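Hi there,

I am handing over the structure we talked about, and my notes follow below it. Please open it beside this email and look up each place as you read.

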Amino acid sequence: MTIRIPEPRLMRVCIVDGNASHAAALHAQLSDQGYQSVSIVGSVRTLLEHARQRQLPIEELADLVLVAATDADNGLSEACRALSHATQAGGTAAVVVARCEADSYQRLADCCLATGAVDVIPATESANTFSRRIGLVLSLQRERRFRRLREEALETELAERKVMEARLKHLVDHDDLTGLPNRRRLEQALELAVIRSRNFHRTNALLYLDLDQFKVINDSEGHVAGDRLLTDVANKLRGCVKPGELVARIGSDEFAILLEHITEAYALEFAESVRSLLGDYQFGASGGLRYHVGVSVGVVINVPDDEVGASELLARADQACYMAKNQGRNTVHRFSADDQVMHTLRSDALWVPQIREALADDKFFLVFQPVMHLPTRRVTHYEALIRMHGENGEVLTPAEFIPVAERMGLIHQIDLWVVEHILDYLASLPAHLSNISMSVNLSGHAFQDSSLLPLIKQKLDMTWVSASRVTFEITETAAITNFAETRKMVARLRALGCRFALDDFGAGFSSFSYIKNFPVDMLKIDGSFVANLINDQTDQLLVKSMTEVAHSLGKKVIAEYVEHAELMEQLAGFGVDYVQGYYIGHPQQTLIDSDWRAPQGAGVERSAAGSSTSQAEGRAVREAKLQN
């Protein structure tokens, strides 16, 4: 914040004198003393009228008004009063030049000072003394003006900061696009609803809604149209609930409605009315195209005798919604325990043998996505991502096999496989790549595995790999699930020399409550803030703010989903330290040269293929990810 006010001799002086010859003489005297902006008017009334006609305050016309007066000037008091309000506000100062006899000077001075003048200077004063007194008044004016402008600037800054703080507090519990409560707020409301159900013997219901055609519209019409669709749906859902019933947006195209103190029949009837409302809704897109949206609705009833918590209710509603989609979409399905068992058994029966075979026959493999250091434009490290060869040789992503591994207790073996192979790979690199480091995502369960720390110690000793070349990434959700134990394990691994990055930073804004005390070295901004950064001023403001917060805490910042040069340069302008994405390089099994060059045809690829990972796909990966 820079405030510039001219030096006293460059400030504006207005001479008010009805005697033209006296005014000209005073003008010449001030000019000789170096005052460069001096004007003359015949009376204070003329000056005030001039300001009124131009619709400007007097301070915009003059910093100092020199009013010539004699003891016969009966309008002097009124003139001083007319100027005094500007003087008090730090704008224009009034100084009287007394053209009177010595014995009348004191009476004139007392009158003028009492009515608002800041000084009364005898016309007989020497030129040097006159100039010094004028300079003193202007210096005081300059200081007064600076103080006033500084106060105004501080008030503006404080107001902007309060708006930003209020917005961040709102974002903790609300979705930024639709204004609806978010998943965090829904979970809090669910916990209270479960308690009230048990204590007051009330029946509650949770509806889980997933739009059936959102991905089609979002991919074919663009993110702007997709956002407009989500806003329209949110408004329709607001209109169909009663006061006290909660509507929340809990995912990219997923919503939830919490109904309390209702009957089972009403819950199912209400769910059908919502399905019908959105089933009849047509979304108008560009070119006159209209899309039928439709919605799959999962319903779970919470009766007083249920021994389930809020998280279990949400999971059951999600499973019921999944069954509604499997049954042909645009339907309502009520949760049944048989549905969950059948789905789990079917999934596990398919995947568990493949995962065990992959562990036994080394069918897992790693790919590496380059991460570029923005200030130097060099690839300094890579993110290691796990993949699996399927039964028919196809490449399987973590989102396909990690959920089963977590349910069936195989995730620890996969975590250990990843750590061992990363360290072996680093040890095998040639000497000219000995400065390359790797970042590795571990599952949320890894930090409760007592065998992880001894394995890392042993492998570091055996391979002679510097621990500083290994960065473990942990997501917000994994970090806060068991905060105390996770923090302890992170501290022990950092003591070995390993580094840590907090992945998906800012996704729920819960990060700000604990990053100050969580021992990580880097923060990876969630890709949802980066994907549309060029066109979204809110995302720009939040990414810039998160970067500033991270740097103030001594942490580096990584941004993902970087898919074109313009986005990379904007992130560089925000001070982001590292970037990764398809513009920097695709995940592959070999390392690229560390002297980074823009990929051939990057812009063409982006325009033809769109986003590297849609938000819906990104969310699915995050929820089930180990290495992606």
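First, a term you will need all the way through: helices (H or I, at least four residues) and strands (E, at least two) are DSSP runs, numbered from the N terminus. This is a predicted model, where local features need pLDDT of at least 70 and side-chain atom pairs count only at pLDDT 80 or more, while totals for chains, interfaces and linings use all residues. Residues are numbered from 1 along each chain as its sequence is written, and side-chain values use heavy atoms, with hydrogens and water left out.

Let's begin with one residue. His261 sits in the loop between strand 8 (254–259) and helix 9 (264–279). Is His261 buried or exposed? Buried means under 20% relative accessible area, exposed over 50%, and partly exposed in between (1.4 Å probe, protein chains only). His261 has a relative accessible area of 56%, so the residue is exposed. Leaving aside residues up to four places away in sequence, His261 touches Arg202, Thr203 and Asn204; contact here means heavy atoms within 4.5 Å. His201 is 60 residues away from His261 along the chain, yet their C-alpha atoms are separated by 8.7 Å.

Next, the cysteines. A disulfide is a pair of cysteine sulfur atoms within 2.5 Å, and the structure holds zero of them. For Cys100, the nearest cysteine sulfur belongs to Cys112 and is 8.9 Å away. Cys100 counts as partly exposed because its relative accessibility is 21%, whereas Cys112 is at 0% and so counts as buried.

Five strands form an open sheet in the order 2-1-3-4-5, with parallel pairing; two strands pair if DSSP finds at least two bridges between them. Strand 2 (37–41) and strand 5 (119–122) stand at the edges with a single partner strand each, so one side of each has no neighbour in the sheet. From one strand to the next, the twist averages 25 degrees. Strand 1 (residues 12–16) is joined to strand 2 by five bridges, and Ile15 has Ile40 as its bridge partner in strand 2. Helix 5 (residues 127–173) lies across strand 1, strand 3 (64–69), strand 4 (93–98) and strand 5, and runs at about 165 degrees to strand 5. For such angles, axes are lines fitted to C-alpha atoms, for helices over the stretch in contact, and angles run from 0 to 180 degrees between N-to-C directions.

Which strands does strand 17 pair with? Four bridges join strand 17 to strand 16 (residues 437–441), running parallel, and five join it to strand 18 (residues 499–505), also parallel. Phe472 is the bridge partner of Val440, and Thr475 stands opposite Asp503 in strand 18.

Last, a helix pair. The axes of helix 7 (residues 214–221) and helix 8 (residues 223–240) come within 6 Å and cross at roughly 145 degrees. Among the residues making this contact are Phe214 and Ile217 of helix 7, and Leu229 and Leu230 of helix 8.

Happy exploring!
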